[in-house]
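Hi everyone, thanks for coming. I have a single chain to walk you through today, so let me put it up on the screen.

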Amino acid sequence: MKLIITDINHQGEGVGRLAGKVYFVPGALPGEEVEIEVTEEKKSWARARIINLHVPSAERCQPHCPYFEQCGGCQLQQLAYSAQLAVKRELVQNTLKRIGKLDLGKVEVRSVLGMVEPWQYRNKVVWHVTKVNRRLRLGFFQRGGQQIIPIDYCLLLPLRLNQLKNKIEHLLNEINILPYDWRNHTGQLRHIILRQTVTGQVMVGLVTVPEVSLKRRLMELASKLLGEEGVTTVVWNINQQKTREILGRENQTLAGPGFIEEEILGLKFQVSLAAFLQVNPRQTEVLYQQAAGAAALSGGEKVIDAYCGVGSIALLMARQAAEVRGVEVVAEAIAAARVNATINRITNASFRVGLAEKILPEWEREGYRAQVIVVDPPRAGVELPALQAMAGMKPERIVYVACDVATLARDLARLQELGYEPKWVQPVDMFPHTAHVECCCCLKRKKWS
Ligand SMILES: C[S@@+](CC[C@H](N)C(=O)[O-])C[C@H]1O[C@@H](n2cnc3c(N)ncnc32)[C@H](O)[C@@H]1O
């Protein structure tokens, strides 16, 4: 069967339509004519693989990474970087139209802000653990599969994190520890997490099952790691969940202070293992500058930063606002946000632990009024009660930072009904070579609301 690919979906698969059916074709690019074989068929859609690439895209290129075909990490390395940016913009436009029913004549979707050097950009990596020829190896999940493929070098990571990973692999083979197999829940070591900041500090997270006898071996490992490739702290995370959730609830610091220090736009942030931090530091500054532009603060405003993590956006906004309130569900992140306010000598920001969908309605009922509300939710987007409370506080502007365009589109539609008009959407490429795209959207209160 021949198919013309017209666009890509959120997983980076090529999308084509034939006789009323939608076909998803991994690896295919917009503009390509492909011969396909169906691998999974449903009533209205099917998934297929390319058997023959009849007309390749002029933008098709050779992927840089030798693991690209097997690894689940990147989806778009076969597309020239400038074309990735164009495709991501279209993805944003199509999603806002299809899900949000937005009138693109009224909402400006700007060109994606890309990177000059779109490699080695990640400051964090979660390695999975496997065994190959009796040796413990670190790797990533296979594309669309359950198997872990050992990786020698990831092109999205800085050299230092690649080198550190190889050292850790070597050290792990010197201690007696079994890789965790989440299919039958056996073994001990679940993940190795590496996190690096622009200040050059590196954190190693060792995620294992709860087993007291592991502590001595992990302490030994931690002492060998301290000082290697900038490692300043090693944290043990204990995870007993039988799910794919990466982190468990309990953390024990094995070496160093238990946090690393990041610098964003001149402010310092303490970051623990569990706290969220954007993974592309260069593009984080680009994104936050867009958020600041959308907030357009003049110094006298009250601002809310919902889903505030360690307070990064809140503290940046506090420099230009009368006061800022942050809310976030992870208690450890809020503790860090308070410390971060102190380190940066910011006294007009306060932080609250809780669900945005509970705390925002509470603030609204109390009569609190903010002129600007910033939200930066997880992929699930903002819950309806939180959106209603936001609109109830009648801010002049809402700044919506989104890592998922589909939920952004849904929430923009809801906010329109609640009296807020999206004015512009600025996509920022935080994750080159993957299908993900981050957006910053500026909404203004309609005159009548
Ligand atoms: C995309 S991150 C944004 C963090 C921060 N704004 C930043 O840029 O570093 C989303 C944050 O929302 C938090 N979160 C998730 N669900 C939440 C909820 N229902 N209420 C409040 N915070 C939530 C997560 O813990 C995470 O820190």
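At what angle do helix 7 and helix 8 pack, and how far apart are their axes? Before I answer, please keep in mind that this is a predicted model.

So, helix 7, residues 356-365, and helix 8, residues 384-392, pack at an angle of about 25°, and their axes are 8 Å apart. The crossing of helix 7 and helix 8 is left-handed. If you want to pick out the residues on screen, helix 7 brings Ala356, Glu357, Leu360, Pro361 and Glu364, and these meet Pro385, Ala386, Ala389, Met390 and Gly392 of helix 8.

Let's stay with helix 8 for a moment. Its buried residues are Ala386, Leu387, Ala389, Met390 and Ala391.

Leucine 265 is not a glycine, yet has a positive phi of about 45°. Leucine 265 sits in the loop between strand 15 (260-264) and strand 16 (267-271), and with 13 other C-beta atoms within 10 Å, leucine 265 is partly exposed. Alanine 296, also not a glycine, has a positive phi of about 45°. You can find alanine 296 in the loop between helix 4 and strand 17, and its 14 C-beta neighbours inside 10 Å make alanine 296 partly exposed.

Helix 1, residues 81-98, and helix 9, residues 405-417, have axes that come within 9 Å and cross at roughly 40°. Helix 1 and helix 9 are therefore oblique to each other. The crossing of helix 1 and helix 9 is right-handed. At this contact, Leu91, Val92, Thr95 and Leu96 from helix 1 meet Val405, Ala406, Ala409 and Leu412 from helix 9.

Let's move to the annotated positions. UniProt, in an unreviewed entry, places the feature "active site" at Cys403. Where is cysteine 403? It lies in the loop between strand 21 (397-402) and helix 9. Cysteine 403 counts as partly exposed, because it has 18 C-beta neighbours inside 10 Å. Setting aside neighbours within four places in sequence, cysteine 403 is in contact with Arg379, His436 and Glu438.

The unreviewed UniProt entry also lists Gln278, Tyr307, Glu328 and Asp376 under "binding site". I'll take two of these. Glutamine 278 is in the loop between strand 16 and helix 4, and is buried, with 21 other C-beta atoms within 10 Å. Apart from neighbours within four places in sequence, glutamine 278 is in contact with Thr284 and Met430. Tyrosine 307 is in the loop between strand 17 and helix 5, and counts as buried with 21 C-beta neighbours inside 10 Å. Which residues does tyrosine 307 touch, not counting those up to four places away in sequence? They are Glu328, Ala356, Val375, Asp376 and Pro377. Two of those names, Glu328 and Asp376, are on the UniProt "binding site" list as well.

Glutamine 283 is next, in helix 4, residues 281-295. Glutamine 283 is buried, with 21 other C-beta atoms within 10 Å. Beyond four places in sequence, glutamine 283 is in contact with Met115, Val428, Asp429 and Met430.

Let's finish inside. The largest nonpolar core has 131 residues, and the members touching the most others are Ala291, Ala306, Met317, Val374, Val399 and Cys441. Helix 5, residues 312-318, gives the most to this core, with 6 residues. Take valine 374 as an example: leaving aside neighbours within four places in sequence, valine 374 is in contact with Ala291, Ala295, Val303, Ile304, Asp305, Ile313, Met317, Val399 and Val401.

Last, the start of the chain. The unreviewed UniProt entry annotates residues 1-52 as "domain: TRAM". That span is 62% strand and 0% helix, and its end C-alpha atoms lie 10 Å apart.

Technical notes
Residues are numbered from 1 along each chain as its sequence is written. This is a predicted model: local features need pLDDT of at least 70, side-chain atom pairs count only at pLDDT 80 or more; totals for chains, interfaces and linings use all residues. UniProt positions are given in the numbering used here, feature names are shortened, and annotations may be inferred rather than shown by experiment. Helices (H or I, at least four residues) and strands (E, at least two) are DSSP runs, numbered from the N terminus. A nonpolar core is a set of buried Ala, Val, Leu, Ile, Met, Phe, Trp, Tyr and Cys residues joined through C-beta atoms within 7 Å. A residue is buried if 20 or more other C-beta atoms lie within 10 Å of its own, exposed if 12 or fewer, and partly exposed in between; C-beta atoms are placed from the backbone. Two residues are in contact if their C-beta atoms, placed from the backbone, lie within 7 Å. Axes are lines fitted to C-alpha atoms, for helices over the stretch in contact, and angles run from 0 to 180 degrees between N-to-C directions. A crossing is left-handed if the near helix is turned anticlockwise from the far one by less than a right angle, and right-handed if clockwise. Angles under 35 degrees count as roughly parallel, over 145 as roughly antiparallel, 65 to 115 as roughly perpendicular and the rest as oblique.
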